[in-house]
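Work through the following exercises with the structure at hand. Each task is followed by a worked solution.

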Amino acid sequence: MRNYKTISFIFAATFFFYGCNSDLLKTIPNDRVSSEIFWKTENDAVLASNAVYTYLESAANFTNWDAMSDIGHVTLGWREESVIEKGSYDATYGKILNEWNDAYKGIQAANAFLANVDKISVADKVKMDRLKGEVRTLRAYFYTKLAMLYGDVPLVITNMTVEESRMLTRTPVAQVWDFISKEYTESAALLPTSQTDKGRVTKGTALALNARALLYAGRFKEAAVAAKQVMDLNVYNLYPSYENLFSYAAENNVEVIFDKQSIKDIQSNNIFSLTTPNSVFPQVNSFVPTKLAVDAFQTTTGKDIADPASGFDPKNPYVNRDPRLRFSIYVLGSELPNGKIYNSRPDSGTGDAIGNSENSTSTGFNTRKYLNKEDLLQPNNGGINIILMRYAEILLIYAEAKIEANELDQSVLDAINKIRNRPDVKMPPVAVLGSQEELRKIVRNERLVELAFEGLRYFDIRRWKIAETVVPGVLYGMTYTDAKGELKTISIEAFVKVFNKNRDYLWPIPQRERELNPNLTQNPNW
């Protein structure tokens with residue numbers, strides 16, 4: 001069931017009015033939901049909790065995180081993410097402010113819910129506790145993004161007036177991580193392992209997001225414990241088909257821990273129109289994969305393509321590769337949702353040819369995840385759910401956390417190999433429990449190929465402090481054989497990705513927020 005997602009945004013908007021107190025008029029407003037008539041019934045609590053879910057990010061926002069990393073590229077120069085790619089943004093930039101505002105709007109909605117829900121006199125305390133657990137989990141989710149992007153941020157857990165908000169200072173990020181983990185842990189105790197309404201937060205959601213947050217915070221022993229808690233629930237498993245994991249047929253499958261639910265015509269998304277090849281839908285192509293992304297996929301021998309023993313053939317670069325390559329990225333010869341064959345060679349004469357239009361791929365690649373033939377007729381009206389956390393990530397969190405804590409044992413290999421052994425992947429297992437550095441390299445590459453274009457890579461390269469090394473500078477695309485039989489590799493020398501290690505590991509605090517509140521200090525070198 002997904003009908004809980006169809007509530008109006010009005011419930012989120014009205015939370016901003018709950019703290020107001022005016023004796024000027026004692027009438028009940030008829031243009032919004034008033035606290036005079038709201039917070040009376042269990043259904044009010046359900047509707048108000050639903051409103052917090054609406055602040056989960058849009059498909060457009062979700063797709064573009066990887067575009068700002070080393071594995072993606074924004075195709076249209078006017079997009080905000082393109083400026084971040086080039087390192088030419090500052091504290092006045094729109095996306096910097098929007099991410100801050102969007103997160104705090106969700107936090108405000110959660111705070112309003114938690115401040116008012118106990119006004120309802122109900123017999124079903126378990127239900128109210130469940131809703132509290134859901135909302136607290138969502139609030140911690142919003143704070144996780146803020147901590148990753150900005151570092152120290154104001155930790156606001158109660159309703160406050162505008163005047164009070166302008167007195168806030170930045171809370172040290174370590175304290176923010178403490179709060180996040182505490183919220184997830186306490187929420188998990190209030191939540192069931194499953195919900196009738198699909199898409200609602202569960203015990204597994206809270207525990208899994210806690211594992212991610214602890215990993216992001218560098219608290220590796222705790223992250224491994226949290227990930228193991230999810231594994232020990234025995235609720236989740238890998239879906240047998242990676243190829244179909246992001247299809248309509250696989251929605252709400254056993255691997256999904258947390259997603260943003262969508263439904264055509266009611267609460268739809270446009271992820272199909274944002275990422276599909278130009279010959280399928282000749283509109284806005286939001287971002288494309290880079291050569292670096294494609295090269296990360298090993299050959300079926302289980303070796304990197306740079307290894308002479310890998311069997312890699314430069315003249316047939318997309319043959320005998322990790323199956324997840326073609327399941328994640330459209331390369332030469334891939335079949336498209338409309339049945340056509342993908343041919344992005346500059347001289348191919350197809351809509352996908354490099355240089356055909358500004359909406360055509362600039363690297364010769366396109367992303368494949370979430371592109372389903374069911375959306376061909378209405379590309380901007382998709383109903384596919386966007387997965388925000390799945391079990392494969394938990395296995396990788398467990399493995400990485402154990403490696404970083406230097407707790408190297410067979411369970412690390414088991415977690416990685418379970419993913420590599422998915423029935424339609426069947427990559428050779430990692431057989432040797434090597435050194436910490438060797439295993440670190442393995443698990444990081446496994447995260448790249450398994451979770452590519454799921455909105456995580458940008459955060460990974462920043463928390464690993466490798467962004468200035470892996471962000472490629474000049475962009476490269478596909479390798480192909482031209483009409484003369486010569487190998488060519490696409491390069492986009494006019495566009496240079498830039499990551500400033502002395503500045504870009506934290507975004508700037510938005511200038512507008514600092515103008516409203518001079519107590520907000522700025523991050524270094526901004």
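**Exercise 1.** In which loop does D265 lie? Describe its backbone and its exposure.

Solution. This is a predicted model. D265 lies in the loop between β2 and α11 (271-275). Its phi is positive, about 75°, although D265 is not a glycine. The relative accessible area of D265 is 64%; exposed means over 50%, so D265 is exposed.

**Exercise 2.** Treat N234 in the manner of Exercise 1: where is N234 found, and is it buried or exposed?

Solution. N234 is found in the loop between α10 (220-232) and β2 (256-260). Phi of N234 is near 55°, a positive value in a residue other than glycine. With a relative accessible area of 68%, N234 is exposed.

**Exercise 3.** Check the span of helix α6 (residues 125-150) against its number of residues.

Solution. Helix α6 has 26 residues, and at 1.5 Å a residue these should span 38 Å. The end C-alpha atoms of α6 are 37 Å apart, which agrees. Of the 26 residues, 23 are buried, and α6 is mostly covered. G151 follows α6 and has a positive phi, near 80°.

**Exercise 4.** Describe how helix α2 (residues 42-53) packs with helix α5 (residues 94-116).

Solution. Two packed helices are described by the angle between their axes and the distance between the axes. For α2 and α5 the angle is about 160° and the axes are 9 Å apart. Angles over 145 degrees count as roughly antiparallel, so α2 is roughly antiparallel to α5. The crossing is left-handed. A45, A48, S49 and V52 of α2 make the contact with G106, A109, A110 and F113 of α5. Six of these residues are nonpolar, two are polar and none is charged.

Methods:
Residues numbered from 1 in each chain as written. Predicted model: local features only at pLDDT ≥ 70, side-chain atom pairs only at ≥ 80, totals over all residues. Heavy atoms only, no water. Helix = DSSP H or I, 4+ residues; strand = E, 2+ residues; numbered from the N terminus. Expected span 1.5 Å × (residues − 1). Buried < 20%, exposed > 50% of the residue type's maximum accessible area, 1.4 Å probe, protein only. Axes fitted to C-alpha atoms, helices over the stretch in contact; angles between N-to-C directions. Parallel < 35°, antiparallel > 145°, perpendicular 65-115°, else oblique. Left-handed = near helix turned anticlockwise from the far one by under 90°. Contact = heavy atoms within 4.5 Å. Nonpolar A, V, L, I, M, F, W, Y, C, P; charged D, E, K, R; others polar.
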